[in-house]
Every structure is written in structure tokens, then in C-alpha cells.
Amino acid sequence: MNRELSRKDKIILLATIVVFVLLISDIINFIFNLIQNKSYQLTFYRVTYFIILFTSFTANMIYLLVHGHMAEKIKYFMAKEEKDSILIDQVMKTFVNFIDAKDEYTRGHSSRVANYCRALTKQLGYNEEMQQDMYYMGLMHDIGKMTVPDEILNKTSHLSADEWEVIQLHTQNGANLLKDFTIMPSLKDAVLYHHERYDGKGYLHQLKGEDIPLAARIICVADSFDAMNTNRCYRLKYSRDRIIQELNRCAGTQFDPLIAKAMIELIKNGTIESLDSKK
């Protein structure tokens with residue numbers, strides 16, 4: 001790969017040539033004296049001078065070689081990583097379009113939950129990588145609904161016990177669909193456990209407290225918030241005040257208290273309103 005030398009690179013290259021000339025000169029002088037059987041005093045200063053020349057030359061060469069190649073490699077891998085990230089994002093959003101198309105009453109739900117998950121993760125103090133991973137997990141949390149028959153998913157009347165069992169199985173089915181998706185190991189557990197409750201009364205495995213993976217606990221709050229914040233076939237959306245009351249009431253039972261508190265803070269500081277305005 002061709003790359004034009006920067007001013008700094010040119011200065012280091014010039015210094016390297018000068019050091020190389022001095023180093024070769026000293027080596028030639030040493031060899032010449034050996035051939036001529038002349039004495040060549042290895043004084044402390046001469047040894048130090050040689051070590052400095054050799055170290056300087058080696059360091060400069062390493063810089064020029066590594067910097068030149070690594071700069072191009074870094075740019076290549078950054079471009080590749082960006083391309084891979086775009087690909088993953090587009091693939092996931094394509095799946096989300098399939099999921100949301102099945103449920104006419106919750107269209108856009110997965111994208112909203114993804115945005116809430118990212119905001120919650122940031123509010124909780126996690127880094128940008130975790131925030132992005134939570135966005136993807138929020139996008140995919142309902143992938144198991146692709147296995148639920150439309151007549152059950154879109155039923156407006158009361159669900160029978162058998163139908164409710166089919167709905168509940170969407171978490172297990174979603175995890176099964178993702179069993180080979182190893183690029184994000186925590187995604188499978190996030191999908192499998194996002195309907196568990198902090199008090200252990202959720203489904204399907206009745207996990208309790210921090211036995212529930214963090215990603216699933218975050219999705220649980222984001223998912224429930226969106227359910228309260230949107231119109232459904234059986235009720236109108238709740239007011240912000242009522243949503244805050246429900247988050248407080250269910251903290252420690254349905255929700256992880258710290259995550260519920262973080263969601264309340266996002267509502268009060270205007271972050272949620274900002275996200276909703278971008279729908």
C-alpha cells in the first residue's frame with residue numbers, strides 16, 4: 001500500500017539515514033582496525049556512543065516500518081469493522097421488520113425498546129460498547145414472536161391457557177433461533193430471560209434477582225415502559241406520571257430497582273421525550 005510520508009516521517013527518515021551512516025562508519029572503522037591489527041580501544045564512551053547509535057537506528061527503523069504498515073492496516077481494519085457493523089445492523093433491522101410486521105398493534109416496538117435499552121445502559125454508567133450491544137439485544141428481544149401464529153399474536157379477546165402458553169414460549173423459541181449467533185454471546189440469554197421478574201414470578205424459568213442476566217433485566221424495564229407508553233388494542237397509553245408510579249410500584253417485584261430508578265431518571269430529564277420525538 002502506497003502512503004505519502006508525513007513531515008514527521010520525513011524527519012525521522014532523514015535522522016535514520018544520518019544515524020545509519022554514523023553507525024556504518026563506526027563499524028567499518030572497527031573492522032579496518034582489526035584487519036590492520038591496530039588497537040581499537042573500547043572505552044566506556046565509545047561503547048555508549050555505539051549503543052546509542054544502534055538503539056536510535058533500530059527504534060527509527062521500527063517506527064518507519066511499523067508506522068507505515070500499521071497505519072494502513074489500522075485504517076483497513078477500521079473500515080472493515082465499520083462495514084461489518086453496518087451489515088450486522090442491517091441484518092438485525094431486517095429481522096425486526098419481520099417481527100414487527102407480525103404484530104400490527106406493536107409496530108416499531110422493537111426499535112423503540114432498542115433505543116430505551118441503549119439509553120438505560122448509558123444512564124447506568126456502562127461504556128459505549130455495552131450500550132451498542134444492548135441496542136442490538138433490544139432490537140432482537142422479540143425474535144421468538146416469529147414462531148407465534150398471527151391469530152394468537154393479534155388476538156384482541158382474552159387468550160386461552162393454551163394460547164398464553166404459546167405466547168410465553170416465544171422467549172424459548174427466540175433463544176433457539178439464536179443458538180448459532182455466537183458473535184454476541186449474551187444475546188441468547190437476553191432473549192430467553194427478558195420476561196423473568198426480579199421477584200422470581202416471571203416466565204419461563206422463574207429466575208430471581210441478579211440471577212437474571214443484566215441484559216434481560218434492562219430489556220424487561222425498557223419493554224414494559226414501551227408497553228405502558230403506547231396505545232394497545234385493549235387500552236390507551238399511560239400518562240408519564242402514571243408510568244413513573246408503576247415503575248416505582250414494581251421496583252423490586254417485576255423490575256430491578258436500580259434499572260427502574262434509571263428509567264425514571266430518563267423520563268424526568270427529558271431523554272425519553274427526545275427519543276420518542278425521533279420515532
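1. **Lining of the largest cavity.** Tyr193, His194, Glu196, Arg197, Tyr198, Ile212, Ala216, Arg217, Cys220, Gln254, Phe255 and Asp256 line the largest cavity. The model is predicted: local features need pLDDT of at least 70, side-chain atom pairs count only at pLDDT 80 or more, and totals for chains, interfaces and linings use all residues. Residues are numbered from 1 along each chain as its sequence is written, and side-chain values use heavy atoms, with hydrogens and water left out. Cavities come from a 1 Å grid over the protein atoms alone: a cavity is a set of points where a 1.4 Å probe fits but cannot get out, and lining residues have an atom within 4 Å of a point.

2. **Make-up and volume.** The lining has 6 nonpolar, 2 polar and 4 charged residues. Here Ala, Val, Leu, Ile, Met, Phe, Trp, Tyr, Cys and Pro count as nonpolar, Asp, Glu, Lys and Arg as charged, and the others, Gly among them, as polar. Helix H9 (residues 214-229) gives the largest share, 3 residues. Helices are DSSP runs (H or I, at least four residues), numbered from the N terminus. The largest cavity holds about 40 Å³ of space. Volume is the space filled by probe spheres set on the points, which are joined across faces, edges and corners. There are 2 cavities of 30 Å³ or more.

3. **H3 against H11.** Helix H3 (residues 109-123) packs on helix H11 (residues 257-268) at about 105°, with axes 9 Å apart. H3 is therefore roughly perpendicular to H11. That class covers 65 to 115 degrees; angles run from 0 to 180 degrees between N-to-C directions, and axes are lines fitted to C-alpha atoms over the stretch in contact. H3 contributes Tyr116, Ala119, Leu120 and Gln123, and H11 contributes Ile259, Ala262, Met263, Glu265 and Leu266. Contact means heavy atoms within 4.5 Å. By class, these residues are 7 nonpolar, 1 polar and 1 charged.

4. **Aromatic pairs.** The structure has 3 aromatic pairs (ring centres of Phe, Tyr or Trp, the last by its six-membered ring, within 6.5 Å). One of them joins tyrosine 116 and phenylalanine 225, edge-to-face, at 5.0 Å centre to centre and 90° between the planes. Edge-to-face means planes over 60 degrees apart. Tyrosine 116 sits in helix H3 and phenylalanine 225 in helix H9, 109 residues apart.

5. **Backbone in the H8-H9 loop.** Most residues other than glycine have a negative phi, and most peptide bonds are trans. The bond from tyrosine 203 to leucine 204 is cis, with omega near 10°. Leucine 204 is in the loop between helix H8 (185-193) and H9. Glutamine 206 lies in the loop between H8 and H9. Its phi is positive, about 55°, although glutamine 206 is not a glycine.

Methods:
On a 1 Å grid over the protein atoms alone, a cavity is a set of points where a 1.4 Å probe fits but cannot get out, and a pocket is an open set with protein on both sides within 12 Å along at least five of seven lines; lining residues have an atom within 4 Å of a point. Helices (H or I, at least four residues) and strands (E, at least two) are DSSP runs, numbered from the N terminus. Angles under 35 degrees count as roughly parallel, over 145 as roughly antiparallel, 65 to 115 as roughly perpendicular and the rest as oblique. Rings of Phe, Tyr and Trp (its six-membered ring) pair if their centres lie within 6.5 Å; planes under 30 degrees apart count as stacked, over 60 as edge-to-face and the rest as tilted.
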